[in-house]
Amino acid sequence: MPAATLAKFGYPATLIGETEHWVVLLRPQQVTLGSLVLVCREPVTRFGDVSPAAFAGLHDAVHRIETILREFVRYEKINYLMLMMVDPDVHFHVIPRYASERVHLGRSFPDVGWPGPPALGQALETEAAVRDDMLLRLRASWEAAGA
């Protein structure tokens, strides 16, 4: 498992859920409300080296992600960014997109880049209470989406 990438994004504290081949984490810096990281559990650094089983398993992970974020964020679009410049393990940044700001526990989460590319450089650090509540809600939704 790509330990360095998982650790960079706060695993295990930020864990939302996992499948046989993928791990879903709450992104520590929120580009928009509900920003996640989807990390392949296989020790690969090229997308083309992901096993056929992990490719097939991507469907379930993406379906569950979109289900929980649709409920939590009410996104209008969703972006999956595979950048892998700093963290070379196969992973996606999952960025829910929306035209009007979202508010969670009194904290405003604008989509600064809307309708263009996500403004990764303007991601927000969340307070512990906001982050913990997001984790609690998203974990519960993840479990329900898999049932």
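Of the 147 residues of the chain, 48% count as buried, where buried means under 20% relative accessible area, exposed means over 50%, and partly exposed lies in between, with a 1.4 Å probe and protein chains only. This is a predicted model, in which local features need pLDDT of at least 70 and side-chain atom pairs count only at pLDDT 80 or more, whereas totals for chains, interfaces and linings use all residues. Residues are numbered from 1 along each chain as its sequence is written, and side-chain values use heavy atoms, with hydrogens and water left out.

**Overall form**

The radius of gyration, taken over C-alpha atoms, is compared with a globule rule of 2.2 Å times the number of residues to the power 0.38. A compact globule of 147 residues would have a radius near 15 Å, and the chain, with 14 Å, agrees with this. Along the principal axes, the C-alpha atoms fill a box of roughly 40 × 35 × 25 Å.

The secondary structure comes to three helices and nine strands; here helices (H or I, at least four residues) and strands (E, at least two) are DSSP runs numbered from the N terminus. In sequence order the pattern is α-β-β-β-β-α-β-β-β-β-β-α.

Strand S2 (residues 22-26) is mostly covered, since five of its five residues are buried. Trp22, Val24 and Leu26 point one way from S2, while Val23 and Leu25 point the other way. Strands are said to pair if DSSP finds at least two bridges between them. On one side, S2 pairs with strand S1 (residues 15-18) in the antiparallel sense over three bridges, with Gly17 opposite Val24, and these two strands form a hairpin with three residues between them. S2 also pairs with strand S4 (residues 36-40), again in the antiparallel sense, over five bridges, and in S4 the bridge partner of Leu25 is Val37.

**Helix H3**

At 1.5 Å a residue, the 19 residues of helix H3 (residues 128-146) should span 27 Å, and the 27 Å between its end C-alpha atoms agrees; the expected span is 1.5 Å times one less than the number of residues. Among the buried residues of H3 are Val130, Leu138 and Trp142, together with the charged Asp133.

**Salt bridges**

A search of the whole structure finds nine salt bridges, each defined as a side-chain nitrogen of Lys or Arg within 4 Å of a carboxyl oxygen of Asp or Glu. Three of them are listed here.

| Pair | N to O distance | Relative accessible area |
|---|---|---|
| Lys8 and Asp87 | 3.0 Å | Lys8 45%, Asp87 12% |
| Glu76 and Arg102 | 4.0 Å | Glu76 43%, Arg102 9% |
| Asp133 and Arg137 | 2.6 Å | Asp133 17%, Arg137 44% |

The salt bridge between Lys8 and Asp87 links distant parts of the chain, with Lys8 in helix H1 (residues 3-8) and Asp87 in the loop between S5 and S6, 79 residues apart. Asp133 and Arg137, by contrast, both lie in helix H3, four residues apart, about one turn of the helix.

**A nonpolar surface patch**

Leu83, Met85, Val86 and Leu120 form a nonpolar patch on the surface, with about 430 Å² of accessible area together. Such patches are made of residues with over 30% relative accessible area and no salt bridge, with like charges joined within 9 Å and nonpolar side chains (Val, Leu, Ile, Met, Phe, Trp, Tyr) within 5 Å, and the areas come from the Shrake-Rupley method with a 1.4 Å probe, only the protein chains shown counting as cover for residues. Met85 lies in the loop between strand S5 (77-81) and strand S6 (91-97), and at 75% relative accessibility Met85 counts as exposed.
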